[in-house]
Amino acid sequence: MSDNKRCLSGFQKRKKRKEIQEQMSKLPKIKNFFSSIPADVSEIDVNPENQDSEFSVSKSNDHVGLFLSSELQINNIHDSTTENKETELSVSKSNDHGGLFLSSELQINNIHDSTTEYDISKFLVVFILCLNFNIHNEYPTDRIHFKENIMDNNTKRCILTYGPCRPDIVFPITTKDNGKSLHFSKFYYNKTLKSGIQVPRFWLCYSVGLDSVYCETCWLFANRLYSFFNNVWINGVDDWQHLSIKIDKHEMSMQHIDACKIRVLWVKNATIDKVTERQYSEEATFWRNVLHRIIKIILYLTSGNTALRGHEHKNKYNPEQLDGEGNFMRSVRLLADYDPTMNELLKDEQKKIKYFSWKIQNELIELLATSTQNFLCEEIRHSQCFSIIMDSTQDITKLDQVSIVIRYVVINHNELNISVKESFLGFFVIEKHGAQDYEELITDILLKLNIDINKCRGQGYDGASVMSGIYSGVQKRIKDKVPTASYIHCCAHNLNLVISDAAKISQKVVSFFETIQAVFNFFSVSAPRWACLAFGNDEYRKVKLKVLKRVCPTRWESRHESINALKLRFIDVLKALTNISLTSTKKDEKASSTSLKKKLESIEFVLILCVWEKVLRALDGVSKSLQNPNTNLQNACQNLKEAKTVIENLRDNYGNILLECKDLCSRWGISLNFHMKRNMFASKYFDEVDGDRRLNVTNENFRIKIFLPVIDTVLFQLNSRFQGLQQVTENFNFLFPTILIKLNENEIAKASMDFFYLYNDDISPDFTRQLLCLRGLLNTTIQTIKDLALFIIKNDFCTTYCDVITACIIYISLPVTVATAERSFSKLKLIKNYLRNSMGQDRLSNIAILNIEKDVANNLDLEKMISTFAETKTKTKTRKKNFLK
């Protein structure tokens, strides 16, 4: 009868338990099984067909490590009908190899239901392979025993197999500041519905070591790259007040829902299978590699002002005919010839999704430009202060494009250096051109980019009244909001106006520049004439000489190149004009060459040429230095002062200029006498005083009527137009190291207190003491304010002289010119040209950011970009699956 019983009797159980204990007592101790690693073991063998549940677990390792090899005999595995809930597992071991073996008495708890012997074998294999799982802990799956982010799949399987950590204990009491005593309760493990039914929350666990509750599902399976990822329920919640509300809120979060979906796949063995896991991983890696190459192609094309699309987005595009393809698809096909990943994607017709469409291109361009812009804005937000640089121009469709540039200082304490940056934030369309419209545009852009306008310490615009007006201009409106935002008129524009005013002082000077432009036009419109001038008789020598330059109508300082080229090639130009006038059979060509030759063969023209070449030579270098982004107000003032000194010396050297002019005239045989032209005078009546009847042009008259007015106009304009720059610089004069050393204590105290009242939001009253202490440490090698800032940084004095370094940064961040905004207009004309005039505003601004700030764009984290792209919501929810690892 006992053989037919479904379960053993009490006597049989006690007898069986006694036999097991006798067998276990005969087993050797575990220390007897520690030895070296055998080299001939290479695999794990689990045999489910073996009814005795004997299996061999072995693992090959070329390094010193853990080796398992044993024949495990599992006895007395009972089903759920057994009375003994704690099944005793006997582990025996036969060792035929030398190595490190494990043999112990394991007691497995909580194995319920009708668990087969093969399931227990798999269970043991999982726990043996998981080296991070300690089953001997009181609560093995407690969150405190593991890291926040578990990457090992075996560890995850161990935690899921063993079960959640949900102890039923006396939970510790936490006393709040208001005197309330709260603690966790086991009733939170279940949710009670309105009908009274209790639904278990399997995801809710309690950590005994942390005294907090956590979500096991989010801990193991939450997507760390999710844009709204929150690790609160992973690290644990220990605030028991309103815990029910917090639990309900977490259950409804997308992070928790997505993690539950992934956990279901694990429970269903959808990803436990290694082959399936490898397929998912390979597919995700493939698509990430594809997108990585696509992004690189986009960055390459945008950095070179190259159009991406052809006719792919139009109805007339035929994929079989490659004539309508743009540069993007041509680059993809070129890359596919050498890259197996892109070649596989192009050749595989089953893949309907290829990420080559123009919509994907726009999305990636926007993503890259936004990331670049965010990186720049993050730098601006972390800087101490910044300055606004703004200018506007018309594009080819006659829309006013406003260029916004931010100038700021970045201090690298690790590399002990300081750098000045002028970052381009984009093009923005403006319809109305009032001061209020520009003010609202600046305010809205800074607010949108989360940049605090109160940190603005400088403004750089051109001299238009709408921008520079002292009563209602843009600079006045911004200054009303931020009183410390000093306005500085663009020095390059100011210098250009200085030369422009000097060129309009005499009609003869105006005619002089018109003649230079006429000479350039005469030779440039005809290839034979240009060749005649460029080569002449000695082709190999004169081909390397300068060619004539066009007279720029706006950038006056660049006219030095035109004048210098004509001065160097003056004799060659006259030879070419003479040759054309004598040999040409065309009446118009012959007349034009004769007329130009007559104008050039004049001592007046040669003398004006020599004067303006020296004037523009002194100002050309200043103009180029002002356009450097790394320049500052100190360098600008110094360069302008040197240019002014050169012009003053030139005023006293009229005799040397006259000798140079005569030398040039003698080389061609030009008469040294000024052209005598009879003046026309009105009739003289009986009671009228006789007027000035001197000849209008002589050597001395030229000096009085042309040379001196030009030089004096330049000197006067250099003084008057840069008064605003001088006023701003005077506020920082005491900070120059060369001046700071010479000042006494009273002068330093007065200047520093005036500076404190001006910048009281940035400087503390301790500024005077810091200056006095720092003065004794300065030496003669420190010449500029930037050198002073570097001295403080390199000697780790930033905390000691914090107000001094703050004042230095304010000075360095002040704008000098709007040249960076002007340079962005050059990119605007290349990007939005007559072939691409239908480009949208967002696309224009995004491409401009990627082009102008290409150094930042090329250093973006592409893996992060791909993850962001994968998280973007689409109509078809397949993108995230493609990039999910």
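At what angle do helix α28 and helix α29 pack, and how far apart are their axes? I looked up this pair first.

**Ground rules.** I am working on a predicted model, where local features need pLDDT of at least 70, side-chain atom pairs count only at pLDDT 80 or more, and totals for chains, interfaces and linings use all residues. Residues are numbered from 1 along each chain as its sequence is written, and side-chain values use heavy atoms, with hydrogens and water left out.

**Entry: α28 and α29.** I find helix α28 (residues 745–758) packed on helix α29 (residues 767–775) at about 135°, with the axes 9 Å apart. Axes are lines fitted to C-alpha atoms, for helices over the stretch in contact, and angles run from 0 to 180 degrees between N-to-C directions. Helices (H or I, at least four residues) and strands (E, at least two) are DSSP runs, numbered from the N terminus. The angle makes α28 oblique to α29. For the cut-offs, under 35 degrees is roughly parallel, over 145 roughly antiparallel, 65 to 115 roughly perpendicular, and the rest oblique. I note a right-handed crossing for α28 and α29. A crossing is right-handed if the near helix is turned clockwise from the far one by less than a right angle, and left-handed if anticlockwise.

I then listed the contact (heavy atoms within 4.5 Å). From α28 come E745, I748, A749, S752, M753 and F755; from α29 come F767, T768, L771, L772 and R775. By class, the contact of α28 with α29 has seven nonpolar, two polar and two charged residues. Ala, Val, Leu, Ile, Met, Phe, Trp, Tyr, Cys and Pro count as nonpolar, Asp, Glu, Lys and Arg as charged, and the others, Gly among them, as polar.

**Entry: α23 and α26.** Helix α23 (residues 633–651) meets helix α26 (residues 723–730) at about 130°, with axes 11 Å apart. That makes α23 oblique to α26. I note a left-handed crossing here, of α23 and α26. L633, C637 and L640 of α23 touch L725, Q726, V728 and T729 of α26. The contact of α23 with α26 holds five nonpolar, two polar and no charged residues.

**Entry: the sheet.** I traced an open sheet of five strands, ordered β13-β12-β11-β14-β15, with mixed pairing. Two strands pair if DSSP finds at least two bridges between them. The edge strands are β13 (417–429) and β15 (486–489), each pairing on one side only. The twist averages 25° from one strand to the next.

Strand β11 (residues 386–394) runs parallel to strand β14 (residues 456–461), joined by four bridges. I389 has G460 of β14 as its bridge partner. Helix α14 (residues 474–481) packs on the sheet and touches β14 and β15; its direction makes about 175° with that of β14.

**Entry: β14 and β15.** Four bridges also join β14 to β15, again parallel. Q459 has Y487 of β15 as its bridge partner.

Which residues of β15 are buried on each side? I find S486 and I488 on one side and Y487 and H489 on the other, all buried. Buried means under 20% relative accessible area, exposed over 50%, and partly exposed in between (1.4 Å probe, protein chains only). For β14, six of its six residues are buried.
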